[in-house]
Amino acid sequence: MVKVHYFFDPMCGWCYGATSLIEILAEMTEFEVHYHPGGMIPKRAIDPSFRQHILQADGQIAAMTKAHFGEAYKARVAGDGDFIVDSYSTTRAFLVGQEMGVEAHKMLAAIQKAHYQDGKHLDELDILADLAVPLGLDKTIWEEKMAQSESNMLKQVKQSHQLMAKMQVSGYPTLVVEKDGKLQRLAHSYYYGKTLEWKNYLTGFI
């Protein structure tokens with residue numbers, strides 16, 4: 001199989017926009033996708049003055065990728081209440097979901113949908129736990145593993161940063177093919193909203 005490195009963050013809007021491309025890549029059996037979380041935003045409240053910028057950027061992402069941003073999410077960004085974004089808790093959930101047997105791209109998509117469509121408060125661990133049951137996971141075991149997940153998450157994020165430095169890449173999402181000892185960055189941004197063309201493009205790396 002051909003190895004692909006995917007550098008991402010659950011709270012990255014462009015990564016959400018790339019969801020359909022990642023799904024196609026993950027379901028092509030010729031590829032082995034390695035997911036590298038970036039820890040882009042340690043838990044923090046987003047300043048109201050920056051929220052309009054987020055909504056404008058989301059509009060651009062939606063126009064280019066055809067990704068759907070839900071009304072609940074947009075109302076939360078634009079509303080008067082706190083808008084807290086936390087890459088660390090969501091990355092912990094992503095890793096725990098994988099550990100419990102959920103395919104990586106499906107776990108990531110579930111987190112992204114909860115945030116970008118449903119407007120869930122994913123900085124709260126009990127809200128993240130609500131994602132476990134629809135995915136067929138035992139909530140009690142999930143909560144036990146989440147409680148022990150921080151050190152592994154921090155290690156994974158550190159390793160991602162080290163690998164990005166080694167490969168001389170930056171930003172999310174980034175996709176790099178590793179084949180026959182050579183690295184090649186995938187030009188995924190040309191294929192937003194063009195899933196058939198994306199699949200044809202990927203076959204050239206097999």
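Q: What makes the pair Asp123 and Lys43 a salt bridge?
A: A salt bridge is a side-chain nitrogen of Lys or Arg within 4 Å of a carboxyl oxygen of Asp or Glu. In this predicted model, for which local features need pLDDT of at least 70, side-chain atom pairs count only at pLDDT 80 or more, and totals for chains, interfaces and linings use all residues. Residues are numbered from 1 along each chain as its sequence is written, and side-chain values use heavy atoms, with hydrogens and water left out. The closest N and O atoms of Asp123 and Lys43 are 3.9 Å apart, so the pair meets the 4 Å criterion. By this rule the count comes to six salt bridges.

Q: Why is Asp123 called buried?
A: Buried means under 20% relative accessible area, exposed over 50%, and partly exposed in between (1.4 Å probe, protein chains only). Asp123 has a relative accessible area of 11% and is therefore buried.

Q: What makes Glu99 and Lys145 a salt bridge, and where does each residue lie?
A: The N to O distance between their side chains is 2.9 Å, and the rule asks for a value within 4 Å. Glu99 belongs to helix 5 and Lys145 to helix 8 (residues 139–147), 46 residues apart. Helices (H or I, at least four residues) and strands (E, at least two) are DSSP runs, numbered from the N terminus.

Q: Which accessibility class does Glu99 have, and why?
A: Glu99 has a relative accessible area of 54% and is therefore exposed.

Q: Why do Asp130 and Lys139 count as partly exposed?
A: Asp130 has 43% relative accessibility and Lys139 has a relative accessible area of 33%, so each value falls in the intermediate class. The side chains of Asp130 and Lys139 also meet in a salt bridge (3.4 Å, N to O).

Q: How do you know that Ile46 is buried, and what does it touch?
A: Its relative accessible area is 9%, so Ile46 is buried. Contact means heavy atoms within 4.5 Å; not counting residues up to four places away in sequence, Ile46 touches Arg51, Ile54, Phe83 and Val85. The C-alpha atoms of Ile46 and Val85 are separated by 7.1 Å, although the two are 39 residues apart along the chain.

Q: Why is Ser87 called buried, and with which residues is it in contact?
A: Ser87 is at 0% relative accessibility and therefore counts as buried. Leaving aside neighbours within four places in sequence, Ser87 is in contact with Asp9, Met11, Gly39, Met40 and Ile41.

Q: What makes a set of residues a nonpolar core?
A: The members are buried Ala, Val, Leu, Ile, Met, Phe, Trp, Tyr and Cys residues joined through side-chain atoms within 4.5 Å. The largest nonpolar core has 57 residues, and among those touching the most other members are Tyr6, Phe94 and Trp142. Helix 6 gives the largest share of this core, six residues.

Q: Which classes make up the lining of the largest pocket?
A: The lining residues divide into 15 nonpolar, three polar and two charged. Ala, Val, Leu, Ile, Met, Phe, Trp, Tyr, Cys and Pro count as nonpolar, Asp, Glu, Lys and Arg as charged, and the others, Gly among them, as polar.
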